[in-house]
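Try each task on your own before reading its solution.

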Amino acid sequence: MNIRWTAVITGFMADFACTILLQVVILAIGQSAVFTDPSLQNPVHVLLILIGATLTGVGGFVAGWLADNSFAMHGLLVGVVGILVAALANVGVTVPPLLLLGQVIGCAFGAVGGMLAERVRKSPRAG
């Protein structure tokens, strides 16, 4: 398996940029509690976490699009890199379990994004 790390990092950067925009929106709508005390009982929190995971899927699509093979793996690695970067940025900070679950779901969405990129690239209309 050949991993194109430039594809993974590019996908991660797309995910990261979109996530920063999402965080600005979250702050603008007054839902900052989703960062510190997210709740499954709050549908807005659940929606925001799922949107965040979907953005990792977008990054996975970008990585898959740029990859030559192992499209889903490239997408998955976007989520893994995101988890590693978040862990390094939050050393000593307790991360709520619901946000950790969102990151794991994001990894799955990243892999799906990579698979979608493969399908689009290999469709007769794409090439």
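**Exercise 1. Find the partner of Arg4 in a salt bridge and describe both ends of the pair.**

Step 1. Arg4 pairs with Asp68, and their closest N and O atoms are 4.0 Å apart. The term salt bridge here requires a side-chain nitrogen of Lys or Arg within 4 Å of a carboxyl oxygen of Asp or Glu.

Step 2. Now place the two ends: Arg4 sits in the segment before α1, while Asp68 belongs to the loop between α3 (43-66) and α4 (71-89), so the pair links distant parts of the chain, 64 residues apart. Helices are DSSP runs of H or I with at least four residues, numbered from the N terminus.

Step 3. Check accessibility, where buried means under 20% relative accessible area, exposed over 50%, and partly exposed in between (1.4 Å probe, protein chains only). Arg4 is partly exposed because its relative accessibility is 34%. Asp68 reaches 55% and therefore counts as exposed.

A note on the source: this is a predicted model, in which local features need pLDDT of at least 70 and side-chain atom pairs count only at pLDDT 80 or more, while totals for chains, interfaces and linings use all residues. Residues are numbered from 1 along each chain as its sequence is written, and side-chain values use heavy atoms, with hydrogens and water left out.

**Exercise 2. How many salt bridges does the rule give in total? Describe the one formed by Glu118.**

Step 1. The count comes to two.

Step 2. Glu118 pairs with Lys122, with 3.2 Å between the closest N and O atoms.

Step 3. Both residues belong to helix α5 (residues 97-122), where they are four residues apart, about one turn of the helix.

Step 4. Glu118 has a relative accessible area of 26%, so it is partly exposed. Lys122, at 58%, is therefore exposed.

**Exercise 3. Is His45 buried or exposed, and what does His45 contact?**

Step 1. His45 is in helix α3, and its relative accessible area of 4% is why it counts as buried.

Step 2. Leaving aside neighbours within four places in sequence, His45 is in contact with Gln31, Ala33, Val34, Asp37, Pro38 and Ser39.

**Exercise 4. Where is confidence lowest in the chain, and where is it highest?**

Step 1. Start from the whole: the mean pLDDT (the predictor's confidence in each residue, from 0 to 100) is 94 for the chain, and 98% of its residues reach 70 or more.

Step 2. Confidence is lowest in helix α2 (residues 33-36), with a mean of 91, and highest in α1, at 97.

Definitions and conventions. Contact means heavy atoms within 4.5 Å.
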